[in-house]
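Please examine the structure shown below.

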Amino acid sequence: MKSSNIGGQAVMEGIMMRHGDAYSIAVRKPDQEIEVKVEKYKSLIKNKKVLSLPIIRGVFSFIDSLLIGTKCLMYSASFFEDEEEEKKNITKEEREKQEMKQASQEKWLMYGTVAFSVVISVAVFMLLPYYLTSLLRHVTTSQGILGFAESLVRVLIFLLYLALISHMKDIQRTFEYHGAEHKCINCIEHGLELNVENVMKSSREHKRCGTSFLFFVMIVSAVFLMFIRVDSALWRVLIRILLLPVIAGVSYEIIRLAGRSDHKLVNLLSKPGMMIQHMTTREPDEEEVQVAITAVEAVFDWRAYLADNFDYSYGEAVSASGEVYE
């Protein structure tokens, strides 16, 4: 498999796809038309040397992904807010006034949403497991047992969270678009022409998925905390918070390596995260796949990619090896 360096995210009734210095958002509007928007990708850090440094680039890439992802979610949601406003029969002038007000607040709302999400994530997935595990200190003082228990509790909370949200109707729809995103990337990375038929038969698991990234965050945090032990309860909490950027950076490097390698060991390490993706993706329908294809084609020349990596010529629909990927 040849990495295409294209990645994305499911949004409300649509897909965001990012490649190079651009990202697209394709949304299926209430009238069933597909709206496509393309914007330049602007990182918080402009210094390319900094962004090329291992570990450090992962931290800023994670922050950029949160900001862009939140912005795209807000954009996709706006189409359905408009629909609700139309039902309320508001005037054109009132709508324009609301849009101006929303535009002035959008930037700070985005930053606030990301900050709130990070705080809640740290509290639930980092601090809560620690405090729950601290109850075992009345039973054992073994740091090894306590560390293992904390890691186990963290994974269980993560899986319980995914299991709960996967039963929400709106989230299930988003997970279908998530599956469509993965299927599109797998389709072109396995040498297939990007069309609905080929995308539908491609896999909805992908090694560079954000779900796999979060799983590696938990594994890497367990390894780090295994070797860092302090007696002060306050320092144990602070260390878990201070180590988060490093843990995110290391996890990013692992995901980056996984996306570029088909080594047996790398594939083995990627298996647990890909298995969890069965909880965060669903099989999409053809209309959802069409939205995903539109998002890909807005920022990525898949024909040139196939020509460079698979000796592709237009009209062929199988990889150079003659295999169809499932």
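Glu253 counts as buried, at 18% relative accessibility; buried means under 20% relative accessible area, exposed over 50%, and partly exposed in between, with a 1.4 Å probe and protein chains only. The model is a predicted one, in which local features need pLDDT of at least 70 and side-chain atom pairs count only at pLDDT 80 or more, while totals for chains, interfaces and linings use all residues. Residues are numbered from 1 along each chain as its sequence is written, and side-chain values use heavy atoms, with hydrogens and water left out.

**Salt bridges**

The side chain of Glu253 meets that of Arg57 in a salt bridge of 2.8 Å, N to O. The term denotes a side-chain nitrogen of Lys or Arg within 4 Å of a carboxyl oxygen of Asp or Glu. This pair links distant parts of the chain, for Glu253 belongs to helix H9 (residues 244-260) and Arg57 to helix H2, 196 residues apart. Helices are DSSP runs of H or I with at least four residues, strands are runs of E with at least two, and both are numbered from the N terminus. Arg57 is also buried, with a relative accessibility of 15%.

The structure holds 15 salt bridges. Three of them are listed here.

| Glu253 | Arg57 | 2.8 Å |

Glu288 in helix H11 and Arg173 in helix H5 are 115 residues apart. Glu288 is buried at 0% relative accessibility, whereas Arg173 is partly exposed at 32%.

Asp262 is placed in the loop between H9 and helix H10 (264-280), and Lys207 in the loop between H6 and H7, 55 residues away. Asp262 is partly exposed, with a relative accessible area of 43%, while Lys207 is buried at 8%.

Which residues are linked in a network of salt bridges? The network consists of Glu13, Arg173, Glu176, Asp285 and Glu288.

**The nonpolar core**

In soluble globular proteins, nonpolar side chains tend to be buried together. A nonpolar core is defined as a set of buried Ala, Val, Leu, Ile, Met, Phe, Trp, Tyr and Cys residues joined through side-chain atoms within 4.5 Å. The largest such core here has 28 residues, and Met17, Cys184, Leu194 and Phe300 have the most contacts inside it. At least two residues of this core come from each of S2, H5, helix H6 (196-200), helix H11 (286-299) and helix H12 (302-310). H11 provides the largest share, 7 residues.

Helix H5 (residues 169-189) has 21 residues, and its first and last C-alpha atoms are 31 Å apart, close to the expected 30 Å. The expected span is 1.5 Å times one less than the number of residues. Just after H5, Gly191 adopts a positive phi of about 80°.

Ile219, Val223, Met226, Phe227 and Ile228 make a nonpolar surface patch of about 470 Å². Patches are made of residues with over 30% relative accessible area and no salt bridge, like charges being joined within 9 Å and nonpolar side chains (Val, Leu, Ile, Met, Phe, Trp, Tyr) within 5 Å. Accessible areas come from the Shrake-Rupley method with a 1.4 Å probe, and for residues only the protein chains shown count as cover. Ile228 occupies the loop between helix H7 (210-227) and helix H8 (233-242) and is partly exposed at 34%.

Ile63 is found in helix H2 (residues 56-87) and is partly exposed at 31% relative accessibility. Its C-alpha atom is separated by 9.1 Å from that of Ser43, 20 residues apart along the chain. Lys71 lies in helix H2 as well. Lys71 and Val11 are 60 residues apart in sequence, with 9.9 Å between their C-alpha atoms.

**Strands and loops**

Strands S1 (residues 7-11) and S2 (residues 14-19) run antiparallel and are joined by 5 bridges; two strands pair if DSSP finds at least two bridges between them. Val11 stands opposite Gly14 in S2. The hairpin has 2 residues between the strands. Glu13, in the loop between S1 and S2, has a positive phi of about 55° although it is not a glycine, and is buried at 17%.

Gln32, in the loop between strand S3 (22-28) and strand S4 (34-40), likewise takes a positive phi, near 80°. Is Gln32 buried or partly exposed? Gln32 is partly exposed, with a relative accessible area of 46%.
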